[in-house]
Amino acid sequence: MKTTINTIALLILTLGLLSAQNFRVIPSSFIYLRPASQPIEARFNTYSFSFANQEMADKYGILDDEVVEKYFELPAYQYLPRNGDMEIRVFTSGGQYVGQKLEERTVTVTVKGQARKEKRYQYRVSYRLSMSYQILDGKRKVVKEGTIYKPGDLVYSVYGRNSRSKSTLSSNFRVEKNEFLYNSIQRSIRYGLQLSGDQIKDKYTGGYIYLKDGDLLSIKKGEKYGVGEFSESFETIKSMVENGDLKVSQKEALAKLQPILGKWKSLQTKFDPNIKKQRTQYFAITYSLARVYAYLGEMESAQKFAAQAEQSAFNFRSKDHLGRLLPFIEDMKARLLANLDVPETYASTFNATEAAKKEAELTRSAELKSNESQYGKAGIVFFSKTDSVEGYIKKIYTKGEILMRLKVYDLKSKEQLIDTEIEKVKVVKMDGKVYIPTGFSLPEIPIPTIELLEVMKFSKKLVLLKHDDNGYEDFLLMFPGRDKKSVVNLGAPRFRINFSKALSKHFEDCNAVYSDIQNNKYQLKEASLKQLIEDYKSCSSK
């Protein structure tokens, strides 16, 4: 109740201030075509939209045509369900529930006229979501891309915002958890689509901007001050927006609004900004002329009326309006200039032959992935320089054992070729990468294990290795010249606490590198660790 009273009081105060100034910002509808700030270097005629992983869109009930209508309406191109000259492709994955965190807050409530404080509880529920987009040209080459949710990002939704009881909150969540998560993830995906569409239209393609509360100024009690026709014209503009009359090119919109703009210019000449009782009318009309001409891309007229409005600004509120108008005009000028003489760098027409090749590649890739999920990745296992076997390589952990085994299957027949202990393998090559069997201890598990680790950089004195466990990476250092090929796992807790101190203990045989470590030259990053290997390679021992 108190909040409501305060809101009403603020509204009355605001209206009082506005009445004293004789003009106000009205909730004026408007729609205008904003050019791209970084136009694509291609002259597309048509466009299409697709989800890269359609199954997720299907799961959350999101349809392509609905997405285009709501988020990706691009006035410069004609929409085709598929095979448009330009394609917008959205990637969405994740949706895994991570957990919930109890949050507590104190609210003031009034009971029988007495104010008292009460506890309220809610869950902040988190789930992982990844979302990005690509714009592809006629040859389906990626020309632009953007990220909305980075891979592994946590997205949050609030459950039970005003719950009075922890136990009730907990029991309700157990019952409603799945439905709540489904609805929350669906909302997050739709919001991501909206952000994607906004980014693409703002930067690359241009698009319509719909203003529910346009920044245009109307004279309050217009008839009393001789500008009733000016105030009434906003209703005409509102009707034009609602009827879709302004959802056209800037030139066509200018032609439709020309009668209204002509009346405004005629009215402007009837008022003198130097006369106190007329300056409100003069400023409101002049400012609105500048704003509408800027919306329509008529920058010379916009700048002319903006300069007149700037000279006639008479109080802090009128100057505040100018503070928004002038940067807007500069932005529109920059956008219009950016769209002049755009070179044609990318393929502007859909190439069916190239698309067919791409489709075949994707089919082969999908088949390969299917085989890899069942048989492992394609590669070569070396037992020595002269003894090797090529095929699908699958890593196997025997139940109850921590040591890895390798099974290799024929690329064509899928028949098993070998089943070997990891210790007998020298080198494995897969996906253009080199792996070597390495004994080491995981930070959380002190028991030694042997696994295939990727060789990131090699020297005779020091090797940088990477252990990838479903996206969680640890870097390791191997010292081949030391006893038992000493291996140091940089993911161990001591390196997280004080990286330089823990690292320096392993380089006491090299004064230069030891000193650099003490001075925090190196970080737990791939590029920095590769530099460490280079520095240590040229180091002379004590």
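This is a predicted model: local features need pLDDT of at least 70, side-chain atom pairs count only at pLDDT 80 or more; totals for chains, interfaces and linings use all residues.
**Entry 1: α5 against α6**

I started with helix α5 (residues 228-242) and helix α6 (residues 250-268), whose axes come within 11 Å and cross at roughly 165°. Angles over 145 degrees count as roughly antiparallel, so that label goes to α5 relative to α6. I noted a left-handed crossing where α5 passes α6.

On the α5 side I have Glu 229, Phe 230, Ser 233, Phe 234, Thr 236, Ile 237 and Met 240. On the α6 side I wrote down Lys 256, Leu 257, Ile 260, Lys 263, Trp 264 and Leu 267. Sorted by class, this contact of α5 with α6 gives 8 nonpolar, 2 polar and 3 charged residues.

**Entry 2: α6 against α7**

Then I moved on to helix α7 (residues 279-295), which packs with α6 at about 165°, the axes being 10 Å apart. That pair is therefore roughly antiparallel as well. I logged the pass of α6 over α7 as left-handed too.

From α6 I listed Gln 250, Leu 254, Leu 257, Gln 258, Leu 261, Trp 264, Lys 265, Leu 267 and Gln 268. They meet Tyr 282, Ile 285, Thr 286, Ser 288, Leu 289, Val 292, Tyr 293 and Tyr 295 in α7. My class tally for the contact of α6 with α7 reads 11 nonpolar, 5 polar and 1 charged.

**Entry 3: α7 against α9**

For α7 and helix α9 (residues 316-338) I got an angle of about 20° and axes 10 Å apart. Under 35 degrees counts as roughly parallel, so I put α7 down as roughly parallel to α9. The crossing of α7 and α9 is left-handed.

α7 brings Phe 283, Tyr 287, Ala 290, Arg 291, Ala 294 and Tyr 295 to this contact. α9 answers with Ser 318, His 321, Leu 322, Arg 324, Leu 325, Phe 328, Ile 329 and Met 332. I count 10 nonpolar, 2 polar and 2 charged residues here.

Last, I checked the second largest pocket, which holds about 510 Å³ of space. Its lining has 27 residues, with Pro 39, Ala 76, Tyr 77, Thr 205 and Asn 339 nearest the centre. I looked up which elements give two or more residues to that lining: β2 (28-34), α4 (166-205) and β9 (207-214). By class, I have the lining down as 17 nonpolar, 6 polar and 4 charged residues.

Note on methods. Residues are numbered from 1 along each chain as its sequence is written. Side-chain values use heavy atoms; hydrogens and water are left out. Axes are lines fitted to C-alpha atoms, for helices over the stretch in contact, and angles run from 0 to 180 degrees between N-to-C directions. Helices (H or I, at least four residues) and strands (E, at least two) are DSSP runs, numbered from the N terminus. Angles under 35 degrees count as roughly parallel, over 145 as roughly antiparallel, 65 to 115 as roughly perpendicular and the rest as oblique. A crossing is left-handed if the near helix is turned anticlockwise from the far one by less than a right angle, and right-handed if clockwise. Contact means heavy atoms within 4.5 Å. Ala, Val, Leu, Ile, Met, Phe, Trp, Tyr, Cys and Pro count as nonpolar, Asp, Glu, Lys and Arg as charged, and the others, Gly among them, as polar. On a 1 Å grid over the protein atoms alone, a cavity is a set of points where a 1.4 Å probe fits but cannot get out, and a pocket is an open set with protein on both sides within 12 Å along at least five of seven lines; lining residues have an atom within 4 Å of a point. Grid points are joined across faces, edges and corners, and a volume is the space filled by probe spheres set on the points.
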